[in-house]
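Reader: I would like to know what stands behind the labels used for this model. Please set the values against the cut-offs.

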Amino acid sequence: MGLFTRRKAPPPTRHGYQPPPGALCLGWICPFDGCGHGGPDAPSDRPPRTCPECGTPVVTSRLAEPWQHEARRVELDARLNGSPAYGDPDRAHAENLVWTADDALRTGRTARIPAIAARLADLIDAGRAAGRPHDHDQLFQFVRLLGAAGEWSLAADVLHRWRRAVRHDDLEDNDQRTEARMLASSLIHLLEEAPASFTSERQSVWEVLREFVPVIESVTTADIDRSWKRLRHSMAGRRDPDAADAGELARLAALDAARPARGMPPQTPLRMEILGRHTAKGPDSTLDTMHIWTVCLQPYLNVTPEDLAEAVLPVGGWAVYGASRCLRELGTHDENGPAYGAVWDAGLEFYRSTGVSTAHLSFHDHQRWIQRHGPDSW
């Protein structure tokens, strides 16, 4: 492109918004539903004018801001007027309120937000009562929109009303299950992202989450469970055990370096407790995996399940769960042996008592539990 060449305007969107010259196109989509071909999310000022896959003209664009905000307004107007070209016209009413709130925040008219929030909640409640509970994702987006603008008090108000309206009497129903997860994620979002200065709002939302998670524990995702565990420490003012465990790992590593590498390692229950917590936290654990291996796993390559069971079964808790993980990770012993099985079963019993769902179990752990207790017994 020459130095003085004016960039052409991207093609119009499917609802007729014409971006101005110089608008940045992030990608493109074929408007023919039977095709669905599209380009990557990469900046481009020369999207194709026809789809290279099927030849359909007027390839609609995904635009950078502020042009995407303007294009969204044109799309919503078309859908509110009954355009069948894209999306459910009924959903457009809820989406329109979220867009209106976004526009008010962009233009500094924050005084309008409480009224918009009330209208959005009324609309979604009416749809829920009419058997059309499909607009709760707009509340999910609305909470994040308010948070991005720093309107955490308003976000807390929205969450409190949402909790009062959400249904969870039949979590086998896909809509109820999805909405429950969205509400839990939104509660967590405020608690993790709102600054500490919003003390009363965070505490009130924490009370809601603390009541709500046990109600829906059968359908919570792994991400919700991990955040729930982390928040139980931070909201109670307790130190996350990772920091203490890291210090213990370093101390135990030094102890191992000064002793012969044979026999039962000293302080086995502590080592197994650290391993159990580290395994349960999964990707959220901040412990060094190499230290975990050298302190909690490698020293047990030549330790029998009988000796390990004798050390941890009287202790129970995270120690016995960690020992079960140690045996499973090393894979050097017969899992059908009585001591191995006793540690494995006791570890799973304890893990279940922590309130996690079966989503946190490996295939073999889940099968072991079913063999001992039957299906749907977790």
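This is a predicted model: local features need pLDDT of at least 70, side-chain atom pairs count only at pLDDT 80 or more; totals for chains, interfaces and linings use all residues.

Author: Residues are numbered from 1 along each chain as its sequence is written, and side-chain values use heavy atoms, with hydrogens and water left out.

Reader: What makes a set of residues a nonpolar core, and which residues have the most contacts inside the largest one?

Author: A nonpolar core is a set of buried Ala, Val, Leu, Ile, Met, Phe, Trp, Tyr and Cys residues joined through side-chain atoms within 4.5 Å. Buried means under 20% relative accessible area, exposed means over 50%, and partly exposed is in between, with a 1.4 Å probe and protein chains only. The largest such core has 47 residues, and Ile113, Phe142 and Leu209 have the most contacts inside it. At least two residues each come from α2 (89–106), α3 (113–129), α4 (136–148), α5 (152–165), α6 (174–193), α7 (199–215) and α8 (222–234). The largest share, eight residues, is that of α6. Apart from this core lies another, of 34 residues, including Leu249, Leu327, Val343 and Leu348.

Reader: Which residues does isoleucine 113 contact, leaving aside its neighbours within four places in sequence?

Author: With contact meaning heavy atoms within 4.5 Å, isoleucine 113 touches Ala101, Ala104, Leu105, Phe142, Leu146 and Leu154 under that exclusion.

Reader: Why are the buried residues of α3 placed on the same side?

Author: The residues in question are Ile113, Ile116, Ala117, Leu120, Ala121, Ile124, Gly127 and Arg128. They cover an arc of only 130° around the axis, and therefore lie on the same side of α3. The arc is that of the directions from the helix axis to the C-beta atoms.

Reader: Why is the pair of aspartate 125 and arginine 128 called a salt bridge?

Author: A salt bridge is a side-chain nitrogen of Lys or Arg within 4 Å of a carboxyl oxygen of Asp or Glu. The closest N and O atoms of aspartate 125 and arginine 128 are 2.8 Å apart, which meets the criterion. Aspartate 125, at a relative accessible area of 26%, is partly exposed, whereas arginine 128, at 13%, counts as buried.

Reader: How many salt bridges are there in the whole structure, and which residues form a network?

Author: The search finds 27 salt bridges. Arg72, Glu75, Arg79, Arg91, Glu95 and Asp137 are linked in a network of them. Aspartate 77 and arginine 73 also form a salt bridge, with 2.9 Å between the closest N and O atoms. Both lie in helix α1 (residues 67–80), four residues apart.

Reader: What makes aspartate 77 partly exposed and arginine 73 buried?

Author: Aspartate 77 has 34% relative accessibility and so counts as partly exposed. Arginine 73 has 18% and is therefore buried.

Reader: Which parts of the chain does the pair of aspartate 365 and arginine 325 link?

Author: Their side chains meet in a salt bridge at 2.8 Å, N to O. The pair links distant parts of the chain, with aspartate 365 in helix α15 (residues 363–373) and arginine 325 in helix α13 (residues 317–330), 40 residues apart. Both aspartate 365 and arginine 325 are buried.

Reader: Which residues of α15 are buried, and which are exposed?

Author: Asp365, Arg368 and Trp369 are buried. Their arc is only 95° around the axis, so they are on the same side of α15. Phe363 and Gln371 are exposed on the other side of α15. The buried residues of α15 pack against α13 and α14 (338–353).

Reader: Why is threonine 220 called buried?

Author: Threonine 220 has a relative accessible area of 5%, and is therefore buried. It lies in the loop between α7 and α8. The side chain of threonine 220 makes a polar contact with the side chain of aspartate 225 at 2.8 Å. A polar contact is a pair of N or O atoms within 3.5 Å; within protein, one must be able to donate a hydrogen and the other to accept it, and residues adjacent in sequence count only if both atoms are side-chain atoms.
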